[in-house]
Amino acid sequence: MKIAIGNDHAGTQYKKKVVELLKQKGIEVINYGTDTDESVDYPDFIHPVADDVENKKVDWGIIICGSGNGANMTANKHQGIRSALCWTGEITKLAREHNNANVLSIPARFVSENQALEMVNIFLKTEFEGGRHQNRIDKIPVDK
């Protein structure tokens, strides 16, 4: 398995913990995020993650910013992305089961490191249910 990760300055410490967890699980990580706490523009670090997921260079993406919103909005501009802003394990589970989310957006300023790691674990192990949910997902992309 291969995962792309991106973060802004608010997510640097969480990113380091998530990368450590993923590597312990034998998952290859492509790091597009900043490694410092100096202010940066989150889209510069999120678009590469979304590109990799959309082009199937990786299995999934994980993105982290202060509120999770900016990163999530940026990722979801890509037609092939279903990024889910999650702040509990239950929301993370439903995002995978019902929405087949392929990017997990973590709000670093609103969850603890332990919650973030729990959400990553749930995201990795939860399967998409398909069925009626697939019908809904098929209606998400906008035809131009």
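The radius of gyration used here is taken over C-alpha atoms, and the globule rule is 2.2 Å times the number of residues to the power 0.38. For the 144 residues of this protein, a compact globule would come out near 15 Å, and the protein has 14 Å, which agrees. Along its principal axes, the C-alpha trace spans about 40 × 30 × 25 Å.

Before we walk further, a word on what you are looking at. This is a predicted model, in which local features need pLDDT of at least 70 and side-chain atom pairs count only at pLDDT 80 or more, while totals for chains, interfaces and linings use all residues. Residues are numbered from 1 along each chain as its sequence is written, and side-chain values use heavy atoms, with hydrogens and water left out.

Now look inside. Buried residues make up 49% of the 144 residues, where buried means under 20% relative accessible area, exposed over 50%, and partly exposed in between (1.4 Å probe, protein chains only). A nonpolar core is a set of buried Ala, Val, Leu, Ile, Met, Phe, Trp, Tyr and Cys residues joined through side-chain atoms within 4.5 Å. The largest such core has 25 residues, and those with the most contacts inside it include Leu22, Ile62 and Leu104. At least two residues of this core come from each of β1 (2–7), α1 (12–24), β3 (60–65), β5 (103–107) and α5 (113–125). Apart from it lies another core of 12 residues, among them Ile46, Val53, Ala71 and Ile81.

Which residues does Leu104 contact, leaving aside its neighbours within four places in sequence? Among them are Gly61, Ile62, Ala84, Val120 and Phe123, where contact means heavy atoms within 4.5 Å.

Finally, compare two residues. Val29 is found in strand β2 (residues 28–31), and is buried, with a relative accessible area of 18%. Not counting residues up to four places away in sequence, Val29 touches Ile3, Ile5, Val19, Leu22 and Lys23. Lys125 has its place in helix α5. Is Lys125 buried or exposed? With a relative accessible area of 63%, Lys125 is exposed.

Methods: Helix = DSSP H or I, 4+ residues; strand = E, 2+ residues; numbered from the N terminus.
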